[in-house]
Amino acid sequence: YLNEMGELTPFELNDFSSKDDWDHSGVCAFSVRQSNFEITSQTHDMCTVDFSGEDEFNMEMGYHLKPSIGIDGKHCICTKPSKKKYFQIATTDLQDAVKRNKEFEIKQQQDEIKQELQRQLDADDIMNVPKDKIIYLYQSDFQHGTYRIRESGTYIVMEDIVFDFNAGDINDPFNPDTNGWTPKANQHKIYPGAQSYRDAYFLGFWAGITIETSNVILDLNGHSLAMSDAFYYNQRWFTTIALQSQYFLPGQGPGFFGATPTFAQHIVIRNGILGQSSHHNIHGHYSHDVTIENIHCRDFETHGIQFNGFDGITLKNIEIGPSSTKVYLRGSFGHARNLLPRLQQVANAMKEDDEYFKLTEEDKKIKFHGRKEAVSIQDIHDDLKLQLESVFKYVMTGELPKFDGENMTKKKWNQILDTFYNPSGLPHGAGMYGIFLNTVGASVLTYNLQTSTYSNNAVLDNINIHDLRHAMTEFIRMGVPNSGSIYLNALHGCLDARDLLNDIEDIGKEGYIPTYKGNILTDATIAMEYFSNNWDILQASLIWHDRLFPWAMGTDLEALGDFNIGCNGDAQVHGAKGLTGVRVDGVNNVHIKDIVIKDITEETPPGTTLCGEYTSFDRDCVGKCGGHIRQKEPMQVGFSGHNLQGLCLNAANNVKVGKTDIHNLQSLYGLTYGISIWPSVDIEFEEKVYISNLLAGVDYKEIVNKDDNGNIIFDDESQDENYPNRIPEVCGIRVVDEYYSDTADKIYKSTVKFSPDADQNDVLIANVDGYKTCYVDTSVDDYYDNNRPPKYSMIGAWKGHDSNFEGVGKNGIMHQTKIAKHNQLHKDRFTDWLKNNSKIMIFILFIFVFLFIAIFIKLCCSKHFGKKTTNYEGEETRSPRKLQQQHVCIGDRIIFLPVNNTSQRNQELTPLLQ
């Protein structure tokens, strides 16, 4: 049309254009269509009609449009080839075309999703979330680091996200020039602590997404968030979604993470999958008013979801599991990966700083006890780098290193595997949780009997926790008596006593002199402290220089002095707690309903006995001194790494439990509880609770103490319940209603009650078995106490064992063991009776022998005894007639005496029977 200036001006025609507009369009009007527009018409006129306006405009009215490639009207086209035509194009062009088409389709879908999400947001009644602040997240937003949400609004994930921040080269993963998978130095403003040793990101990218403000909706929109394999193995501290600005609170964790953290409030996280993570899927400190719904947490190592110090948490429609099964690197790998740049920094300083100029080349080396040669910091760094690279490539590709006989031998490779490799692939920390609702702080060391800093108000609704597996790797720490101090590296990791000491099993024996053994990790820690006093680098390490240096170098083997070792901890010195479906510790007002906890297996092997047969730890002791320095009874008695609990409650008030189903829980070597109610708990059961198929000690028979005859030894004073590995106890619901703590000099109590609509018969227990049941007030083996049957739960109605139930009890190894023990008992009783009545038995035996001899002599003197005779009919027989006459024996002859019958006096009465 002509505008006011008389210029010819194009205008857009569409289904909403007026008829007058169409009348002025002329023959050059066109409609832009997709290149793959399906043409079904058979005539030109039919082809050129825009049928999108069919109801109002039709062919007879003459409103014809020309489909066009472009929008300038030069390439009007409408054709339907009568025959297929084939063209040759380059493969790369075809691939590019397919990619463009796919991207176009995705964009169309995303545009549709945006429109639908906008309608949902308009309908949502979420206070203070700005409706005009909508951010769409794509893979490109996660290329260079953690996505930090610091503004209120709605954040919508538009595609599956794989975290591979600042990706490095798998073939050269620890190149100091590229620093793959870590924050770059020039990113320090957005990631404080980048390439340094303090502040929030000094341990690397510790989260995929952080929410550091209030009033945020994070909608995963049906998509997933997960770490790449390479990033997963490099970054050993990670949370998929974190509701704070730093991992640890001030004063906690392996270093300084910041003094002014910010926390999230009024948050909604929904609709998606949280995948592979080296620690948590969701983690929050001081969170307030948080709703998580329609979320699936999986492939994590420590926690599906954890909240500390919260007020108002709602978890609804949550699935948790399975846990990760590809944890092929031990905790020591994470320590070494973080120590590597520190070693290089010390090595560089020794080459450049003035304070080292006076040292000779020999002075810049350290020679450890028993080693042939002294080594420099650079030597240790290069060897550590080689070892880390070889084991990293092995878990990534399965490729073995090249054994050249110099840098790498099979013996050295085996040592590398012993130090850094976890063959089971299962999470191996001190504990694992599906959900952990906690008081303020991390609570990585122990449990609470009571706290002054309760969290408040949590609702768990429609929760499904399944397929969790855990197998703790136990570390032995070494410390100084009467101090509580232990030997640590810069990341609060313990230096394993088995790596420090030769002949550790001989501790306490007469004449034992400890000598330094060492591996690459202990060498690196000691050497770094020997040559540097830079506190930024050394941080949490504590090795008591005056003791350890001369001893480790062999210049003074007595310098180490008194020491002790303790067990029941992991690489980070966390106290062993085993596997738990849901743990509630230090929380007021918790409502749990419609929860399923199933198919959970605790596979931790028995705890080592190198620290003695302990129940706790004696910090003043010298030598083998027991378990973890912070383990707490009654939750942690002896080794506790193989404990399994479905629902664990500690210091929790006003807990209401609705419909609950806990089944298929088994611990291979430790205890198994469906629900454990520890001290200071107030709980009320409101609806049906089903607990079944709990097994404790599935493989315990392989390691249990046995007598000389191969019979299992159960509770008795001489064996002290087989500590540190207790008899595997099973209990549907375990209750400690009263506990006295001698440490606090206080009695802690728990109460269990039922709502008006429920009672004991609504708690149903079946198919439960282990080596010991719920009689916790005695060491008596209740399985074999005829006066008291096993007690499979301390609350609820016992429904027995199904006929096809296969466990460690009636239909498993316990049944066999019971029979063997009863048989042995009867045998022992008989033996004891013989010992106590030996004189009587000898007298009876003497009488028996005398009677036997007398009878035998009489038989020998009988007529025809043992001889063949002939009867009156002349037949041979071995059974002679009974002799009626009186007779005497003279040698081999029998002489009949005369009878009184006078009628026979004249008869011969003495025939010879030679």
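Residues are numbered from 1 along each chain as its sequence is written, and side-chain values use heavy atoms, with hydrogens and water left out. Because the model is predicted, local features need pLDDT of at least 70 and side-chain atom pairs count only at pLDDT 80 or more, whereas totals for chains, interfaces and linings use all residues.

The protein chain holds 13 helices and 38 strands; these are DSSP runs numbered from the N terminus, with helices being H or I of at least four residues and strands being E of at least two. Of its 914 residues, 49% are buried, where buried means under 20% relative accessible area, exposed means over 50%, and partly exposed lies in between (1.4 Å probe, protein chains only). The chain exposes about 45,500 Å², and carbon and sulfur atoms supply 50% of that area; the accessible areas come from the Shrake-Rupley method with a 1.4 Å probe, and for residues only the protein chains shown count as cover. Among contacts (heavy atoms within 4.5 Å) between residues at least 6 apart in sequence, 71% join residues at least 24 apart.

Leaving aside residues up to four places away in sequence, F307 touches L243, I282, G284, S287, V290, I292, I313, L315, F436, L437 and N438.

Aromatic rings come next. A search of the whole structure finds 33 aromatic pairs. Rings of Phe, Tyr and Trp (its six-membered ring) pair if their centres lie within 6.5 Å; planes under 30 degrees apart count as stacked, over 60 as edge-to-face and the rest as tilted. The rings of Y673 and W678 are a tilted pair because their centres are 6.1 Å apart and their planes meet at 55°. Both Y673 and W678 are buried. Charges also sit over rings, a term used if NZ of Lys or CZ of Arg is within 6 Å of the ring centre and within 35 degrees of the ring normal. The charged end of R236 lies 5.1 Å from the centre of the Y232 ring, and that of R477 lies 4.8 Å from the centre of the F617 ring.

A cis peptide bond joins G321 and P322, with omega about 0°; P322 is in the loop between β14 (311-320) and α5 (331-352). A cis peptide bond also joins E633 and P634, with omega about 5°, and P634 is in the loop between β23 (623-624) and β24 (644-657). D467, in strand β18, is not a glycine but has a positive phi near 55°; with a relative accessible area of 36%, D467 is partly exposed. V573, likewise not a glycine, has a positive phi of about 65°. V573 lies in the loop between β21 (564-569) and β22 (578-602) and is buried at 12% relative accessibility.
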